Amino acid sequence: MGIFQLESRYTPSGDQEQAIGKLLKSLRAGNKHQCLLGVTGSGKTFTMANIIAAQDRPVLVLSHNKTLAAQLYSELKSFFPHNAVEYFVSYFDYYQPEAYIASTDTYIEKDSAINDEIDRLCLNAMRSLLLRRDVIVVASVSCIYGLGAPEDYRQLTLSVSVGQELDRDEMLARLTELLFERNDYDFQRGRFRVRGDVVDVYPAQSDGEVVRIEFFGDEIDAISLVDAGTGRVRERMASYLFFPVKQYVSAPEKRESAIRSIRRELAERIAWLESQNKLIEAQRLKMRTEYDLELINEIGFCKGIENYSRHLAGRAPGSTPSTLQDYFPADHLTIIDESHATIPQIGGMYEGDRSRKQVLIDHGFRLPSALDNRPLRFDEFMARQAQLVYVSATPGAFEYVNCVPGKKGYTPILKARRGNTHSRSAEASRAITHAPEGFKGVFFHNLSELRVAPHPSDAPVEDFDPTRLGQPLIVEQLIRPTGLPEPRITLLPLEGQIDKTIELCRRRVSVRERVLITTLTKRTAEDLRDYLCSTGLNVEYIHADVDAIERVEILRKLRSGKVDILVGINLLREGLDLPEVSLVCILDADKEGFLRNETSLVQTAGRAARHVHGECVLFCDVITDSIRRLVEESDRRRAVQLAYNAAHGIVPHSVARADQSTLRLYTPDEELEEDVLDAAESDTEPAGPEELIAQLEKEMRAAAAKLDFETAAVLRDRIKHLRG
């Protein structure tokens, strides 16, 4: 039996079984690249779960946005309740990177708002990877950015056990080295408090649990897991292992050598700036760096410490930084979900980061070593992968060309060097996107020449040969277990598209179905939401400015019926699992570009593929090539599904799926209020308002007597509302 325990009431159906068998056969044959071409609603996540269950190694599941990553995290946690399923995305709700605009002499200081819940989840992922192998980490591309070195993170742990001889003050000093802060009054994650011989520590990875350590002299007498809110002891433990509070940490002995190394680089850089007569830049660099060094020396941390990561880790100039990839063992499996969007995103991170930092270095705001705090280049990322499975309903050229047995790495796609346009073929010259650093070639999106012989879904697994040269390892999964065909595609004129959208929305809402509407800009999405609300519809919008936790909550409201219509731009595409959505409206569908190309249209239309009445309405005056290919591909996939249904006597039915669990550590006020009122009103059947008020007053007084003032306040406001 493997290390992963898959629990599900489902069994592989449709063509899931053949897809699972072929992909596992390819992985066991040692192929580095394989791809699952699975249509929306065909159960790709369940197929991925079955592949994971057959592994005896950690798995990284990579997604291109936080919302989809949160959905995958929720689903995989339900599939693997006994294993460590972790969530690792950027923990910033808001992030303004440090920058300098030379033309206006404007320095923009780094500013950010850290999401406490996501920070906890990220730290927990790092902890799990160091302690066990049955780990599944669902991550966004933020995992290719620099972290503290895993050896430093592991070295700075503090292990305590019952009966251990340990001076209390010595333990407090060790906790401080791990960047815990002492605070006896405002007790939060990453802090500890001391009351005589009792030390309470709130680990940074903890979900509302405090570790209480009780001393008897210089001996640890007891270790308990205590509820942070109530103080109730949940569990007695024999030992506990504390990890650092921050992702960037360094051992004290490394810190001293790092400070010496930084001072040497500072002296060299100041000498160079002065030789170039850049005296202001030299003075600025000296003041800023000396201030940072003083903080690092005293407390082991400073704002922007990641810019000194190369010195703190003792790495050579230009070397690859430590990332989440280094916390995984070398044999781990990587699954790249929605690979057509995730792969280009990985390749595009490096150059933008480097150009911004180079300006800071040139003007004396940072040392040149700041360039070594960077995301991985594309070639560095690929070199760290043992085996990859690409998952997408619309694979890109990269997946098609690289999933060929016998080819090494990703070299087959190298058609031309950057700048050497005369050597490109006509096909490769179309829609060329920027090639990432270290990837001296091009991506191209026209797949007409590349869509050759993916393994058909009706071919038996025993006939599948994953070692046959020239045969792309792209396994199709076109059949939905629910029997649902592709959603109907309807084309309507642009004139009156808003009025027509309102009419279509009212029809769907009247039968308790949900609607997605996609626009081209954030401003349009917000304005359209306000206008639709003014007509009496229940609408919300979602875009990149909405933080990750709130996006999940909005999607949960849509599924539960608190919201009927969701307006968005690019987030209402890949992977969103919303079975209640029966209609997708794409406004301005003929404005061909990134948001209205073939991939975008196929992915957006697929959001209605989980409902038996699924339909996608495109408002357009011109049939663009992307719209034409969408209709053709939909017709092809629809024909495959209908033929399967006829052969097996399947009656299509909508997908049924449990609501996604929240990422919050606490219950939002509005949900708390509903829970309180439901509990208060469920114990009685009042004849009228006066009886209900009397019942609520009784509940309010009882809550106040128990010192549950939050519940009492909710009931008080409800009573005021009824009396008004």
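Which residues have the most contacts inside the largest nonpolar core? The legends below refer to a predicted model.

**View 1. The largest nonpolar core.** This core comprises 104 residues. V61, L76, F88, V137, V160, M171 and F242 are those with the most contacts inside it. Helix α4 (residues 116-131) gives the most to this core, contributing 8 residues. Another core, of 23 residues, lies apart from it and includes I554, V563, V602 and C620. In soluble globular proteins, nonpolar side chains tend to be buried together.

**View 2. The surroundings of V137.** With residues up to four places away in sequence not counted, V137 touches V59, L60 and V61, together with E86 and F88.

**View 3. The packing of helix α7 against helix α8.** Helix α7 (residues 252-275) and helix α8 (residues 279-299) have axes 9 Å apart and pack at an angle of about 175°. Because this angle is over 145 degrees, α7 is roughly antiparallel to α8. From α7, the residues R255, I259, I262, R263, L266, R269, I270, L273 and E274 take part. They meet L279, E281, A282, L285, K286, T289, E290, L293, I296 and N297 of α8. By class, the contact between α7 and α8 has 10 nonpolar, 7 charged and 2 polar residues.

**View 4. Helix α20 and its buried residues.** Helix α20 (residues 689-705) has 17 residues, which at 1.5 Å a residue should span 24 Å. The end C-alpha atoms of α20 are 24 Å apart, so the model agrees with this expectation. The buried residues of α20 are L692, I693, Q695, L696, E697 and A703.

Conventions:
Residues are numbered from 1 along each chain as its sequence is written. This is a predicted model: local features need pLDDT of at least 70, side-chain atom pairs count only at pLDDT 80 or more; totals for chains, interfaces and linings use all residues. Side-chain values use heavy atoms; hydrogens and water are left out. A nonpolar core is a set of buried Ala, Val, Leu, Ile, Met, Phe, Trp, Tyr and Cys residues joined through side-chain atoms within 4.5 Å. Buried means under 20% relative accessible area, exposed over 50%, partly exposed in between (1.4 Å probe, protein chains only). Helices (H or I, at least four residues) and strands (E, at least two) are DSSP runs, numbered from the N terminus. Contact means heavy atoms within 4.5 Å. The expected span of a helix is 1.5 Å times one less than its number of residues. Axes are lines fitted to C-alpha atoms, for helices over the stretch in contact, and angles run from 0 to 180 degrees between N-to-C directions. Angles under 35 degrees count as roughly parallel, over 145 as roughly antiparallel, 65 to 115 as roughly perpendicular and the rest as oblique. Ala, Val, Leu, Ile, Met, Phe, Trp, Tyr, Cys and Pro count as nonpolar, Asp, Glu, Lys and Arg as charged, and the others, Gly among them, as polar.
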